[in-house]
Amino acid sequence: MQGRRPYRVSNSQGGAWGLSEVGIVIGEARPKRIEFTSKNPVRVGDYVTVDTDDGSVLYMTEYFKNVSALLSESKDYLTADEARRASLKNPRDRVRIGVARALGLVRDLLNGKRIYPTVPPEPGASVEYADEELLRKIYGGHGDSWVEVGQLLRRPSVPVSVNLDALASRHLAILAATGKGKSNLLALLAKRVAERNGTLVLFDYHGEYRELNIRGLRFVSPKINPRHLNSEELADMLGVRKNAERQRSILGKVYTKDVINAANFWEALEKKLKDIVESEKAGPQDRQAAQRLLDIMRRALNVWGRIFDPSARTPLDTIANNRVNVLDVSDLTELQAQRIVSTYLDSILQDRKSALRGGECKFRSPVVVAIEEAHVFMPAGEDTECSETIARVAREGRKFGVSLIIVSQRPSKLDPDIISQVGSFAISGITHPSDQKFIREVTDEVSEELGASLPSLNPGEMILVGQFIKLPALVKTHMVEEKLVGRDLEAVRLWREEVSKPFAATEELMRL
Ligand SMILES: Nc1ncnc2c1ncn2[C@@H]1O[C@H](COP(=O)(O)OP(=O)(O)OP(=O)(O)O)[C@@H](O)[C@H]1O
Ligand SMILES: [Mg+2]
């Protein structure tokens with residue numbers, strides 16, 4: 001149906017930007033919202049134009065219903081069957097109503113400005129499909145700040161671009177149900193940032209971004225310098241339980257200046273703990289707690305040794321300018337990952353502040369920081385190791401060129417103060433009522449009607465709104481083909497392959 005629609009090419013005389021009439025404005029028309037009746041269904045997310053006294057206005061269809069008066073009430077089967085036949089013979093029985101929201105005056109949109117009409121169209125005005133050439137002009141990119149991320153879902157021949165300048169100065173939230181393509185969009189944006197030699201730091205919570213086909217991709221094992229932690233923070237990082245008071249108090253006592261400054265940090269700390277274990281003066285409970293601490297410390301160094309680096313100067317040493325830096329936090333505990341996010345974000349913000357004040361710095365240009373599974377790092381109503389730092393970057397980052405990409409499947413579980421600083425959104429598949437409500441609250445671009453269509457979107461189909469796109473759009477984002485980790489697993493094929501393996505192994509053994 002979509003491919004067969006005869007879209008007219010733009011009118012060079014500046015005439016109407018609509019095509020053939022699809023409907024008629026009815027009911028109470030307002031400048032920003034119209035209702036229309038149509039002969040055929042119009043898809044949610046498709047564009048129409050209507051003439052007003054201010055000029056031609058572009059609208060997006062946000063809701064559409066198809067009603068038969070004869071078939072409206074619940075009926076027994078026979079009556080419904082008769083009603084169906086009567087309805088087919090009587091075209092007036094089929095009422096198709098659409099609701100569309102004004103996106104702006106066509107004339108101004110073509111000049112890059114978004115001006116709303118001040119008058120509604122006349123009831124009875126003609127509703128026409130918007131011309132594809134017009135949509136291409138609006139959604140296409142102009143200059144190298146714009147990068148293509150997909151095409152309009154309802155007009156597949158219209159490419160959609162987003163503005164990387166806006167992304168790198170105002171924050172973006174990618175909010176979508178699980179499996180709807182959040183990580184795919186982040187991978188796509190990472191590729192686009194890399195194409196423009198941008199700096200991106202991506203906290204990879206599930207170890208999914210290693211195989212991205214990006215020139216110069218840096219895969220980084222993040223580092224924490226234990227000497228920069230206080231004893232409570234060190235206890236958290238080593239995995240000492242929050243309520244293990246005796247262990248924490250002993251760590252506090254042995255974590256002295258000479259340990260912090262020792263040439264071999266871990267050896268010095270271990271020696272102090274051993275001294276307590278072997279001390280005759282210490283009580284049995286303290287000796288036991290010190291022994292437990294030794295065990296915890298050895299285990300922590302065994303499992304997470306790579307993140308502790310007593311010689312790391314600043315975390316910035318591990319990441320590079322003008323590159324996509326993927327920081328693997330997939331094997332870490334939540335507390336450790338939070339600490340890493342906090343340390344890196346804080347250093348990046350300080351560095352950018354220094355850069356703008358003309359001081360010593362590493363990053364002379366803006367840095368974008370992406371946080372996957374953001375509800376772990378900045379949950380609503382709860383402080384974490386990094387929530388204060390993220391909040392600071394959300395508030396101040398714009399001025400210093402540090403921006404956030406926040407990714408989550410549970411928007412309503414995110415700190416609303418941080419999200420209130422976000423200027424752009426990519427949204428899909430949100431079903432939970434509290435999440436839908438949250439989205440309506442944080443962006444007035446997603447109306448109740450448009451929000452109701454969210455659950456029916458397929459993977460990769462997203463509503464993009466806010467500063468990084470010229471107008472709200474329902475977009476089919478490009479798929480990043482090489483991103484394999486994080487895809488739905490084909491369980492049956494994997495089981496089949498798995499059971500075939502032992503046989504091969506047995507045969508091989510028999511051959512030996
Ligand atoms: N733009 C797209 N076009 C087509 N399919 C897509 C697109 N984006 C994602 N998908 C499909 O959806 C799957 C899940 O995508 P992705 O891992 O990005 O989802 P997610 O929202 O990050 O999920 P999770 O919440 O589990 O992290 C992909 O493996 C792919 O099969
Ligand atoms: Mg994901």
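1. The model is predicted. Local features need pLDDT of at least 70, and side-chain atom pairs count only at pLDDT 80 or more. Totals for the chain and for linings use all residues.

2. **Overall dimensions.** The C-alpha trace of the chain spans about 100 × 70 × 50 Å along its principal axes. Its secondary structure comes to 17 helices and 17 strands.

3. **Burial and surface.** The chain has 512 residues, and 51% of them are buried. Its accessible surface is about 25,000 Å². Carbon and sulfur atoms hold 49% of that surface.

4. **Shell around ligand 1.** There are 16 residues around ligand 1. Those that come nearest are Lys182, Ser183, Asn184, Lys476 and Thr477. By class, the shell has 9 polar, 4 charged and 3 nonpolar residues.

5. A backbone N or O atom of Gly179 lies 2.8 Å from an oxygen atom of ligand 1. A polar backbone atom of Gly181 is 3.1 Å from an oxygen atom of ligand 1. Lys476 uses its side chain: an N or O atom there is 2.7 Å from a nitrogen atom of ligand 1.

6. **Cover of ligand 1.** On its own, ligand 1 has 630 Å² of accessible area. The protein covers 83% of this area.

7. **Elements in the shell.** Two elements give two or more residues to the shell around ligand 1: helix 5 (182-195) and strand 17 (473-477). Helix 5 supplies the largest share, with 3 residues.

8. **Start of helix 3.** Asp131 sits at the start of helix 3. One of its side-chain oxygens reaches to within 2.7 Å of the backbone nitrogen of Glu133.

9. **Buried face of helix 3.** Helix 3 covers residues 132-139. Which of its residues are buried? They are Glu132, Leu134, Leu135, Ile138 and Tyr139.

Notes. Residues numbered from 1 in each chain as written. Chains lettered and ligands numbered in written order. Heavy atoms only, no water. Near = heavy atom within 4 Å. Polar contact = N/O pair within 3.5 Å; in protein donor to acceptor, adjacent residues only side chain to side chain. Areas by Shrake-Rupley, 256 points an atom, 1.4 Å probe, with all protein chains shown as cover. Helix = DSSP H or I, 4+ residues; strand = E, 2+ residues; numbered from the N terminus. Nonpolar A, V, L, I, M, F, W, Y, C, P; charged D, E, K, R; others polar. Buried < 20%, exposed > 50% of the residue type's maximum accessible area, 1.4 Å probe, protein only.
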